[in-house]
Each structure stands twice: as structure tokens, then as C-alpha cells.
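Please look over the sequence and the model before reading on.

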Amino acid sequence: MKKIQMVDLQTQYEHIKADIDRGIAEVIANAQFIKGPQVSAFQQHLEQYTGAKHVIPVGNGTDALQIALMALGLKPGDEVITPTFTFIATAEVVALLGLTPVVVDVDWDTMNISVDAIRKAITPRTKAIVPVHLFGQCADMEEILAIAKEHHLYVVEDGCQAIGAKYTFSDGTVKQACTMGEIGCTSFFPSKNLGCYGDGGALFTDNDELAAHIRAIANHGMVVRYHHDEVGVNSRLDSIQAAVLDAKLPHLDEYIAARQHAAARYDKAFGNREDMLVPGRNAHSTHVFHQYTLRIVGRDRDELKQRLADKEIPAMVYYPVPLHMQKAYQDPRYKQGDFPVAERLASCVLSLPMHTELTEEQLDYIIHAVID
Ligand SMILES: *Cc1c(COP(=O)(O)O)cnc(C)c1O
């Protein structure tokens, strides 16, 4: 049996090697490493795949979030609501722009931002909500969009872990992650569900004006060459990464199916246990399982992680420290105990190996080891 990894990008590459190699070779042959035809081809294909009117490729997912908040014209002091149980990037860009991150608790079952907590956190200074579609499942977008409408707030989706996830609204409309808010953001970090071989990211919007503004900000605040209308950044997807992504995009649905298959095996094996809870589902959203995350209750999570490591099974804690407990984000408004669900999750979550290349033999081995 092949060594089990959290993510197996080598085996995935072996299956699509011819396409990837050809795509990269074409970039090198025509030497348009920046803004090559591969970038616009991938952009168009991703627009078709997601149904977004505009896709704007950028350098990484964190840049996408930052550029989104810049494009919305948020000003220092404006409050942005985001979950406290997530990767740091969301709050980081809010803080870097001089905006005020307002963190809120999450739901125990879905581990996504709590709608009730959002409602309670709204003040006259609130300008935007940044829900994170954590681990590959959409947040409660129908309710979040309704709250935003009622209070005239922007919604920027952090869809870095959820590309391809679908959300069904109560009127039957189905939309993809990243295409529901004013702006959606994703990351093509190698281990993400659609990952390149370096850094990459993208923004999504249906708004023509916003799309033009986003493009300008990502390009040094420039529309006419060497004329800078506002302070921007330099953030772009390079042609080699676009070629890799364009070769992988046609496989995204089959990759999602492979992740869902592994998740179904885990669900079946652990679904009836009381000492480990399988990921709770939001009935409106599909789950694309960027991570398969158990909640280990009534026993020691770290001991289980170590015992799995002894059997050469990697398992990871995403995320061990909620935002409000991070040193860089200490804030007199928040103290330990303020967000009990997030704090409990941080102490009990354990993500199992999850990728597109897990074999039945590997899944059997992992499942038996966890149960042992
Ligand atoms: C990966 C990730 C990001 C950042 O993406 P990068 O491309 O690494 O900058 C932001 N938010 C979430 C939830 C992520 O998982």
C-alpha cells in the first residue's frame, strides 16, 4: 500500500501528466509568462464552470480577499464580521486595511459562521460580512444574504475551501460557492480542491463595475498604462499556474466525487459513534470536503492523533487556535470564553486524510486504525 498522505498531489499528477506537461511547455515555448493566453482561457473556463459573470484571477486567495474589501471602498473603522474559527487570512486582510474585524462564533454541527451570532454583532459601523465556507460546505447563505440586505451590508464569500460546492435557495435556485455575495474569493493553493503548482487565487462577481474596479486594483490601480487612478496592489495569476489550472478544471467534478466517496466511507464507519462526531451537514449545501473533520468528544484528541501517526496515518488539527485567541489579534473586546463553540472545536477537531487519490485499501486501513 502506498504511504498515506493528507493530500497526494504526486499521484494526481501522474494521471493528468500529459495535459499538465503540454500546458506548461506551451507557456515556456511562447514565453508570455505573465498575462499569457492561458490566463484568459482559464478565466473563461472558470466563468463557464461557476456561472459567475466575471472571474478575476489574482496571486493568491489572501490577495483576493484583500482586493475584494478594497474594491468595496471600505474605510478605516468600518466593521467586518467574520467567524473566529477559520484560517487567519480573512481577519488578517481586514486588519491590514485598518478595518475592524468583528469575530463571531460558529455552529457546532456545520462549524460554519452562526447566523444568530452575525445578527447580534451588527452595529451602525458594520459594513460587510465575510462568511467562510469552511472545509468545503457553504455557510447559511440565504439567511446571511437576507441579513445583509436588511442592514445594507456587503457580503464577500471566502470560498477558498469550497470551489464547486452548490447551494440551493428555498425558491429552488442553485448557485455555486463564490457566486452568491457581491464578491466571492477563492484560492488555488496546491492543496485546495482546485490547486495549482504554486500560488494562485481568483475573485468572482456579477457586477460589471466592481469587476473593472477589481481588475484595476489588482493591477497597481491602473486602467490606462502608467496612469494610476488609485493605490492598488500587484497581484496576478501567472501563465504557468493558469495552464496547470486549465488542465485540472475539467477534472474538478470527478475530484469532488472522489472526495465525497471518501467522506461517505468515513461517515459510514464513524456515523454511529458517540466519541467522534462526523461533520454536520447544511441541508442547503453540497459538501466538497476540502477537509473531513471529526469532532473527538469525551476522549483525548491529541492522543488519537499520535496513535494514528504511530500507524503512519497523518491527521491534522484545523484550526487549533480561534482568531480571538491569536497573539496578533488580542483585543480588549474579546477574552477566552467569549466564543465557546469555536473554543471547543479548536480543542476537539481532527481532520483525516482527504484527497482525490485515496484507494479503498487506504480508506480501510485508516478506518480500522481510527476504530482501533
Ligand atoms: C487557503 C485559504 C485562504 C488563503 O489562500 P492563499 O491562497 O493561501 O492566500 C483564505 N481563507 C481560507 C478559508 C483558506 O482556506
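Which residues does Gln43 touch, not counting residues up to four places away in sequence? The model is predicted. Gln43 touches Val55, Pro57 and Arg215. Gln43 sits in helix H2, residues 37–50. The relative accessible area of Gln43 is 15%, so Gln43 is buried.

**Helix H1 against helix H8**

- Two packed helices are described by the angle between their axes and the distance between the axes.
- H1 packs on helix H8 (residues 239–248) at an angle of about 130 degrees, and the axes are 8 Å apart.
- That angle makes H1 oblique to H8.
- The crossing of these two helices, H1 and H8, is right-handed.
- H1 contributes Leu9, Gln12, Ile16, Asp19, Ile20, Gly23, Ile24 and Val27 to the contact.
- H8 meets them with Ser239, Ile240, Ala243, Val244, Ala247 and Lys248.
- Sorted by class, the contact of H1 with H8 holds nine nonpolar, three polar and two charged residues.

**Helix H3 against helix H4**

- Helix H3 spans residues 61–71 and helix H4 spans residues 89–96.
- Their axes come within 9 Å and cross at roughly 45 degrees.
- H3 is therefore oblique to H4.
- H3 passes H4 in a right-handed crossing.
- On the H3 side, the contact uses Thr62, Leu65, Gln66 and Leu69.
- On the H4 side, it uses Ala89, Thr90, Glu92, Val93 and Val94.
- The residues of the contact of H3 with H4 comprise five nonpolar, three polar and one charged.

**Helix H9 against helix H12**

- Helix H9 (residues 252–270) packs with helix H12 (residues 360–371) at an angle of about 30 degrees.
- The axes of H9 and H12 are 11 Å apart.
- H9 passes H12 in a right-handed crossing.
- H9 makes the contact through His261, Ala262, Arg265, Tyr266, Ala269 and Phe270.
- H12 makes it through Glu360, Leu363, Asp364, Ile366, Ile367, Val370 and Ile371.
- Nine nonpolar, one polar and three charged residues make up the contact of H9 with H12.

**Cysteines**

- How many disulfides does a search of the whole structure find? The search finds zero.
- Cys138 is in no disulfide.
- The cysteine sulfur nearest to that of Cys138 belongs to Cys178, 8.3 Å away. A disulfide needs the two sulfur atoms within 2.5 Å.
- Cys138 has 0% relative accessibility, so Cys138 counts as buried.
- Cys178 has 1% relative accessibility and therefore counts as buried.
- Cys348 is buried because its relative accessible area is 5%.

**Backbone geometry**

- Most residues other than glycine have a negative phi, and most peptide bonds are trans.
- Cys178 is not a glycine, yet has a positive phi of about 85 degrees.
- Cys178 is in the loop between strand E7 (174–176) and strand E8 (183–187).
- Glu312 is not a glycine either, and has a positive phi of about 60 degrees.
- Glu312 lies in the loop between H10 and H11.
- Is Glu312 buried or exposed? At 53% relative accessibility, Glu312 counts as exposed.
- The peptide bond from Tyr318 to Tyr319 is cis, with omega near 10 degrees.
- Tyr319 lies in the loop between helix H10 (301–310) and helix H11 (340–348).

- Gln5 is in the segment before helix H1 (9–30).
- Gln5 and His355 are 350 residues apart in sequence. In space they are 8.6 Å apart, C-alpha to C-alpha.
- Leaving aside neighbours within four places in sequence, Gln5 is in contact with Gln10, Pro314, Pro353 and His355.
- Gln5 has 27% relative accessibility, so Gln5 counts as partly exposed.

Conventions:
Residues are numbered from 1 along each chain as its sequence is written. This is a predicted model: local features need pLDDT of at least 70, side-chain atom pairs count only at pLDDT 80 or more; totals for chains, interfaces and linings use all residues. Side-chain values use heavy atoms; hydrogens and water are left out. Axes are lines fitted to C-alpha atoms, for helices over the stretch in contact, and angles run from 0 to 180 degrees between N-to-C directions. Helices (H or I, at least four residues) and strands (E, at least two) are DSSP runs, numbered from the N terminus. A crossing is left-handed if the near helix is turned anticlockwise from the far one by less than a right angle, and right-handed if clockwise. Contact means heavy atoms within 4.5 Å. Ala, Val, Leu, Ile, Met, Phe, Trp, Tyr, Cys and Pro count as nonpolar, Asp, Glu, Lys and Arg as charged, and the others, Gly among them, as polar. Buried means under 20% relative accessible area, exposed over 50%, partly exposed in between (1.4 Å probe, protein chains only). Angles under 35 degrees count as roughly parallel, over 145 as roughly antiparallel, 65 to 115 as roughly perpendicular and the rest as oblique.
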